[in-house]
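Here is a walk through one protein model, written for someone with the structure open on the screen.

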Amino acid sequence: MIVQKVDVAINVYGKPYQTAVSIWSLVKNSGQHIQQIYVTLEKSQPEGFDEALLRSLLEGLPIIYFKPKFFFGWWEGRRKGLFNRILLNLKDYRYSIRSQYTWEKSQAKWLFLMHNDMLFTDDLIGHYLSKIGDSIGIGQVGQCWNCPALGELCDGNRYWDYRPSMDELNTLYQSRPEGRAVKHGLVEDGQLSWPLPECRLNEHAALINLVKARPLTSPFGPVAPFGLKNSMDNGILWFQGMSLRGYKMVNESYLPFAKHAWTNDTDCGHASLFDKNMYDREEEMAKFELAKWRN
């Protein structure tokens, strides 16, 4: 059997021990598929972050490090109108968008995107390769838990066929007026009613056919970079652009193979960045876990 080589893209903002667990557990389970691992170190980091420590924890792995010139984080201004041709023609701006440096530099056919707070327990990359077929991307489709269409109308397997009008979408969100799509102005005239506001290929762990996707994605094509946010979240603009051009994603859960934010019960790694006690506790858990994977 021919082993298909995959490059890996991971952005790092803090969490050196969780990052190391993410990468080592991936390599132990899917290393036969991996060509290069691109680690993007955000220009700004939480107080106390030790880059030298992270590099020492990852020593011996096929890693290319990159540090962009800008740090966007969750800066509100980045999510209001910054997707335009002028800015995306500026390399330093573009490379500061999550995963974009790897997207442009990778020499592999496949690109595996992942968060730096994952724990892999089986060969997810191999599983994705066996399931993706001729699709442009595979992973968990949709943040359906935030969407009022979940259930009888839609889910990650049916998103392609459920195409409401904006009037229908408005009616749906009347049951959830506090929904974040409403708060961010995405359920109103002039916005897309399909794909639905919460539709995206979740970047926690996703595989992209780079040969197909790169020519269509900025700066080579008209679709927004995968890592660019709209007013609400990351990756939605790219998903919308690909869907509207006829590219359907394969909905495949990573849960049998990996756990996101495994150090807590929320399935969200964002909260600890604003709670030092939680951050330190989770890093201690990861330090203990890492010893299992580096042996």
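Ala261 sits in the loop between β9 (258-260) and α11 (helices are DSSP runs of H or I with at least four residues, strands are runs of E with at least two, and both are numbered from the N terminus). Its phi is positive, about 50°, although Ala261 is not a glycine. Ala261 is also buried, with a relative accessible area of 1% (buried means under 20% relative accessible area, exposed over 50%, and partly exposed in between, using a 1.4 Å probe and protein chains only). Before going on, note that this is a predicted model, where local features need pLDDT of at least 70 and side-chain atom pairs count only at pLDDT 80 or more, while totals for chains, interfaces and linings use all residues. Residues are numbered from 1 along each chain as its sequence is written, and side-chain values use heavy atoms, with hydrogens and water left out.

Ser99 is another non-glycine with a positive phi, this time about 75°. You'll find Ser99 in the loop between α4 (91-95) and α5, and at 9% relative accessibility it counts as buried. There are cis peptide bonds to look at too: one joins Trp194 and Pro195, with omega about -5°, and one joins Ser218 and Pro219, with omega about 10°. Pro195 is in the loop between α8 (180-183) and β7 (205-209), whereas Pro219 is in the loop between α9 and α10.

## Thr217 and its loop

Thr217 lies in the loop between α9 (210-213) and α10 (236-244). Is Thr217 buried or exposed? Thr217 is buried, at a relative accessible area of 0%. Its side chain makes a polar contact with the side chain of Trp238, at 3.2 Å (a polar contact is a pair of N or O atoms within 3.5 Å; within protein, one must be able to donate a hydrogen and the other to accept it, and residues adjacent in sequence count only if both atoms are side-chain atoms).

Leaving out residues up to four places away in sequence, Thr217 touches Trp103, Val223, Ala224, Pro225, Phe226, Trp238 and Met242 (contact means heavy atoms within 4.5 Å).

## Helix α11

Lys276 lies in helix α11, which covers residues 276-294. Lys276 is exposed, with a relative accessible area of 61%, and its side chain makes a polar contact with the side chain of Asp280 at 2.7 Å. Lys276 and Glu47 are 229 residues apart in sequence, yet 9.9 Å apart in space, C-alpha to C-alpha.

## Aromatic rings

A search of the whole structure turns up 14 aromatic pairs (ring centres of Phe, Tyr and Trp, the last by its six-membered ring, lie within 6.5 Å; planes under 30 degrees apart are stacked, over 60 edge-to-face, and the rest tilted). Phe66 and Tyr101 make a stacked pair, 3.8 Å centre to centre with 5° between the planes. Phe66 is in strand β3 (residues 63-66) and Tyr101 in helix α5 (residues 100-105), so the pair ties together parts 35 residues apart in sequence. Tyr95 and Tyr101 pair edge-to-face, at 5.2 Å centre to centre and 90° between the planes. Tyr38, Phe66, Tyr95 and Tyr101 form one aromatic cluster.

Over at Arg163, the charged end sits over the ring of Trp160, 5.0 Å from its centre, and over the ring of Trp194, 3.6 Å from its centre (NZ of Lys or CZ of Arg must be within 6 Å of the ring centre and within 35 degrees of the ring normal).

## Nonpolar cores

The largest nonpolar core has 41 residues, and Phe112 and Leu207 have the most contacts inside it (a core is a set of buried Ala, Val, Leu, Ile, Met, Phe, Trp, Tyr and Cys residues joined through side-chain atoms within 4.5 Å). α1 gives the most to this core, with 6 residues. A second, separate core of 36 residues includes Tyr159, Trp160, Met232 and Ile236.
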